[in-house]
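Here's a structure worth a slow look.

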Amino acid sequence: MRPPLDARTAPSQYTVPTPARASSSWSGNSGSSSSSRSPARRRTATGYSNPVRGDRQRRSVANATSAGEKMCVVPAALRYAPPAHVAANLLSASPLSAELRAIRYVSTATVFLGFDQRTLARPLTGAGFIVPPGEGRILAGTWITSKWDGRAPDGSVLVRAFLGGARSELDVTQENDESLVTRSLSELQRLAGRLGTPRFTSVHRHIASNPQPSLGHRARMVRVDGELRALPGLHLAGAAYDGVSIPDCLRQARVAAERIAAA
Ligand SMILES: Cc1cc2nc3c(=O)[nH]c(=O)nc-3n(C[C@H](O)[C@H](O)[C@H](O)COP(=O)(O)OP(=O)(O)OC[C@H]3O[C@@H](n4cnc5c(N)ncnc54)[C@H](O)[C@@H]3O)c2cc1C
């Protein structure tokens with residue numbers, strides 16, 4: 001249940017970092033907010049049509065897009081790293097599109113909860129825990145303030161629950177914030193002991209943001225590479241392709257940058 005307002009610390013004392021940075025000094029993880037800050041609502045829908053290059057053209061783009069016109073930018077190379085289903089839309093004229101669209105995505109949510117340290121049953125040592133399948137209604141719990149400094153006011157702790165995903169019965173896009181907070185709090189306390197009444201809560205949904213490479217993914221990537229050879233200058237990178245971890249994504253970005261530099 002959502003804590004009474006007077007039990008929560010004033011938002012000005014908490015921070016949640018980019019891209020969903022809040023005006024506060026609690027500092028959780030990045031993610032797409034459930035609020036009007038969600039990427040889909042934040043982004044301006046801009047279409048493109050006239051080919052342009054160089055500084056003069058860049059100014060044209062700025063002028064045209066601010067005037068709401070459609071422009072087309074033709075770069076020498078493009079490293080494109082949105083979710084695969086978004087790239088599929090852009091590449092709808094290519095056989096790549098169907099391959100990219102076939103990569104399944106799921107939605108997840110992160111729920112941040114801040115507590116007075118004095119209300120914890122035990123100190124939050126370690127980094128947190130991952131819940132084995134079938135043993136809980138959240139995927140994981142993270143002790144944010146045990147991992148990183150400066151994420152909560154002195155005397156407070158910040159924890160994060162990770163919910164949803166491929167094996168969960170929970171559809172995070174259908175649950176309201178209050179329900180996600182309630183589930184997170186009860187599961188974190190069931191699994192890790194009493195935490196107390198939250199003084200701060202923040203819910204972030206990662207909608208269709210988590211790719212789930214399935215059997216046959218490697219063969220699909222071989223086909224994707226083949227199709228990309230027909231589109232020189234276009235490079236795809238990100239969790240949908242060759243590993244989902246942050247180091248995997250960085251490696252892919254580095255490879256793409258090196259190829260662009262070498263071209
Ligand atoms: C809660 C959570 C915790 C995680 N923890 C870890 C961890 O501890 N360690 C680890 O290695 N990995 C972790 N991961 C996995 C890892 O963070 C991701 O797999 C990785 O960041 C994905 O990077 P990406 O660039 O492919 O996608 P994203 O980082 O999702 O980037 C996609 C970009 O595309 C943009 N975009 C979306 N739609 C459009 C559109 N229509 N047009 C243009 N742009 C668009 C988005 O705004 C975003 O900037 C975690 C993931 C989650 C969700």
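What follows is a tour from the overall chain to the sheet, the cores, the ligand shell and a few single residues.

## Ground rules and overview

Keep in mind that this is a predicted model, in which local features need pLDDT of at least 70 and side-chain atom pairs count only at pLDDT 80 or more, while totals for chains, interfaces and linings use all residues. Residues are numbered from 1 along each chain as its sequence is written.

The chain has 8 helices and 9 strands; helices (H or I, at least four residues) and strands (E, at least two) are DSSP runs, numbered from the N terminus. Of its 263 residues, 29% count as buried. Here "buried" is for 20 or more other C-beta atoms within 10 Å of a residue's own, "exposed" is for 12 or fewer, and "partly exposed" is in between, with C-beta atoms placed from the backbone. As for contacts (C-beta atoms, placed from the backbone, within 7 Å), 61% of those between residues at least 6 apart in sequence join residues at least 24 apart.

## The sheet

Start with the open sheet: 5 strands, in the order β5-β6-β7-β4-β8, with antiparallel pairing. Two strands pair if DSSP finds at least two bridges between them. At the edges stand β5 (128–130) and β8, each with a single partner strand, so one side of each has no neighbour in the sheet. On average, neighbouring strands are turned by 20 degrees against each other, direction ignored; axes are lines fitted to C-alpha atoms, for helices over the stretch in contact, and angles run from 0 to 180 degrees between N-to-C directions. Helix α6 packs on the sheet and touches β4, β5, β6 (140–143), β7 and β8, its direction making about 110 degrees with that of β7.

β4 is joined to β8 by 9 bridges, and Thr108 stands opposite His206 in β8. On β7, too, β4 has 9 bridges, again antiparallel, and here Gly114 stands opposite Leu158. Another 4 bridges join β6 to β7, with Phe162 in β7 as the bridge partner of Ala140. As for β7 itself, 9 of its 9 residues are buried, so the strand is largely enclosed by the rest of the structure.

## The cores

A nonpolar core here is a set of buried Ala, Val, Leu, Ile, Met, Phe, Trp, Tyr and Cys residues joined through C-beta atoms within 7 Å. The largest one has 24 residues, and Val111, Leu113, Val159, Leu163 and Leu180 have the most contacts inside it. Elements giving two or more residues are β4, β7 (156–164), α6 (177–192) and β8 (200–211). β7 gives the most, with 6 residues. Leaving aside residues up to four places away in sequence, Val159 touches Leu113, Leu124, Gly141, Thr142, Trp143, Ile144, Leu188 and Leu195.

There's also a second, separate core of 14 residues, which includes Leu91, Ile103, Leu236 and Ala256. Leu91 is in the loop between α3 (84–90) and α4 (96–101). With 22 C-beta neighbours inside 10 Å, Leu91 counts as buried. Beyond four places away in sequence, Leu91 touches Leu96, Ser97 and Leu100.

## Around the ligand

How many residues sit around the ligand, and which come nearest? There are 17, with Pro82, Gly238, Ala239, Ser245 and Ile246 nearest; a residue is near a molecule if its C-beta atom, placed from the backbone, lies within 6 Å of it. Two or more residues each come from β4, β8 and α8 (246–262), and β8 gives the most, with 3.

By class, this shell has 10 nonpolar, 7 polar and no charged residues. Ala, Val, Leu, Ile, Met, Phe, Trp, Tyr, Cys and Pro count as nonpolar, Asp, Glu, Lys and Arg as charged, and the others, Gly among them, as polar.

Phe115 lies in strand β4 (residues 105–116). It is buried, with 24 other C-beta atoms within 10 Å. Phe115 and Val159 are 44 residues apart in sequence but 8.2 Å apart in space, C-alpha to C-alpha. Not counting residues up to four places away in sequence, Phe115 touches Leu120, Ser156, Val157, Leu195, Gly196, Pro198 and Arg199.

Then try Ala208, in strand β8. Its phi is near 45 degrees, a positive value in a residue other than glycine. Ala208 counts as partly exposed, with 17 C-beta neighbours inside 10 Å.

Conventions
Contact = placed C-beta atoms within 7 Å.
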